[in-house]
Amino acid sequence: MSRPAAIVFDQASVAYGRVPALEQVHGTVHQGEIVALVGPNGAGKSTLIKALLGLVPVASGSISVLGRPPALARRQVAYVPQADTLDPDFPVSVAQVVLMGRYRRIGWLRPPGRADRDAAAEALAAVGLAHRAADRFGTLSGGQRQRVLLARAIAAQPAALLLDEPFNGVDAVSQEALLATIRALAAGGAAVVVSTHDLGLAQLTCDGICLLNRHQFGFGPPGEVLTPDLLRAAYGGAALELGDRGLIVARS
Amino acid sequence: MIDFLVTPFDRPYMTRALVEALLLGALCGVVGVYVLLRRLAFLTDAVTHTVFPGVVVGFLVSGRSGVVPGALVCAVAAVALFTAIAATRRVNEDTTLAVLLTAFFAVGVILISRQRSYTADLTAFLFGHILTIDTADIVVTAVVAVLAGLVLLGLGKELLLRAFDPEWARAAGYRITALDLVSNMLIALVVVASVQAVGTVLVIAMLVVPAAAARLLSERLGVIVAVAVLVGMAGAWLGLATSYEASVGHDVRLAAGATIVLVLVAFYALVTLGQASRRLVKR
């Protein structure tokens with residue numbers, strides 16, 4: 001990989017207080033790469049994303065985001081949370097949600113300007129939802145809401161994009177729209193880290209895989225990490241043997 | 001109708017009451033929308049109760065002019081405490097608030113029960129005395145209204161983001177606790193400004209009811225704010241006029257502050273009924 005490194009994990013361990021959540025993560029996400037965080041429920045995928053955002057402290061080792069500690073890189077990092085964590089009754093329009101991606105650039109005390117509205121509209125068009133701009137956020141389907149949140153992240157024009165389970169409960173159309181947008185962003189040079197349950201999707205669409213369950217089981221190209229041995233080790237009882245034909249991993 | 005809505009306010013004390021009520025209606029309408037979005041009704045209620053001993057101590061120390069400073073000291077202290085408690089996230093917020101608000105309230109009641117004019121004073125502090133409001137009270141309310149306007153204009157987008165998606169706001173590098181301190185202080189100031197006119201108990205209705213009615217009427221934040229302001233002001237006006245008409249014209253004494261609240265609640269009930277019947281018709 002000749003591209004410059006965007007995110008570097010160096011034997012990083014993350015803990016909530018004194019309880020270790022994730023240990024010994026080691027690897028690099030380069031600019032323009034899409035890396036999937038995979039592992040069973042409770043493996044520490046969300047925790048690792050929070051650590052990349054500087055919301056959970058690194059207990060030992062280090063994490064570097066765009067050459068800086070995570071908390072100091074926030075302005076160039078955009079986060080896409082799971083859509084169903086947000087109140088569907090909140091009276092905010094789709095356009096207003098996407099515009100939030102511009103707030104940091106706009107700064108305190110100032111209203112959004114023409115350029116900000118244009119950038120937001122462009123981001124919304126990129127996820128294929130320009131026609132829903134005026135609708136209330138909560139009236140959209142789960143997959144559409146997820147796309148709006150991705151548009152909000154794109155509007156921030158980030159150098160690194162972090163997505164927490166964006167494909168959970170998302171319809172096929174929205175999944176395709178999400179993937180196309182993420183790929184386009186990576187092609188533009190952004191580093192993308194996405195947590196997912198979907199091993200097939202991760203294998204098909206990602207340049208790298210970080211296999212986790214409390215600690216790292218592998219970090220590298222899909223062909224090297226998504227092997228029966230490593231999956232068996234990471235998933236334990238959730239891995240289902242299919243004789244000599246391979247292995248199925250249950251969802252949790 | 002004109003007679004009913006305009007004539008009472010020829011009298012200077014009624015003019016002052018109207019100006020104060022309209023100011024409060026607008027102020028509470030705007031800030032109430034934020035209370036609604038953040039689901040801060042309970043915190044607001046806690047502030048109103050903790051302000052009570054401050055009002056009493058202020059009154060005991062220097063009479064009516066001491067009420068607002070007393071309320072202010074207590075409100076600021078209470079909000080700082082609540083925000084700190086919420087930031088630690090170690091204790092159950094609701095429980096802590098409940099313990100604190102009843103404790104503060106009891107202190108206020110004990111202090112005032114040692115006065116000879118116990119009942120009259122208690123009533124005034126709990127339910128306000130908008131008909132004897134003076135110019136200084138109006139100035140206080142106007143200053144708070146200007147301050148609220150400035151805060152919401154300057155920090156509107158950050159407060160909106162914090163209310164909608166706090167985790168994302170934190171991830172983007174915003175200091176949630178600082179934003180909360182600002183908004184909670186603003187709520188405390190509104191409570192303090194309302195104490196003379198509608199008392200510590202009825203403020204909560206002024207804040208919550210117009211915003212809740214406006215939310216039922218619209219999905220758009222801008223419209224909700226505008227409607228909440230209109231409803232707050234109209235309710236204040238109508239409430240005062242009704243109370244005057246009943247007292248002077250029909251010899252039925254209606255407390256002005258409580259009448260305003262009832263007018264607001266009646267409007268909210270009408271809107272709710274309207275929505276329910278519309279839903280029935282649709283089926």
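In chain A of this predicted model, among contacts between residues at least 6 apart in sequence, 66% join residues at least 24 apart, a contact being a pair of residues whose C-beta atoms, placed from the backbone, lie within 7 Å. Local features need pLDDT of at least 70 and side-chain atom pairs count only at pLDDT 80 or more, whereas totals for chains, interfaces and linings use all residues. Residues are numbered from 1 along each chain as its sequence is written, and chains are lettered from A in the order in which they are written.

The secondary structure of chain A comes to 9 helices and 11 strands, taken as DSSP runs numbered from the N terminus (H or I of at least four residues for helices, E of at least two for strands). Chain A has a radius of gyration, taken over C-alpha atoms, of 18 Å, close to the 18 Å that the globule rule gives for 252 residues, so it is as compact as a globular protein of that length; the rule is 2.2 Å times the number of residues to the power 0.38. Its C-alpha trace spans about 55 × 40 × 35 Å along the principal axes.

Turning to the interface, 16 residues of chain A are in contact with 18 residues of chain B. On the side of chain A that touches chain B, the residues divide into 11 nonpolar, 1 polar and 4 charged, where Ala, Val, Leu, Ile, Met, Phe, Trp, Tyr, Cys and Pro count as nonpolar, Asp, Glu, Lys and Arg as charged, and the others, Gly among them, as polar.

Technical notes. Contact = placed C-beta atoms within 7 Å.
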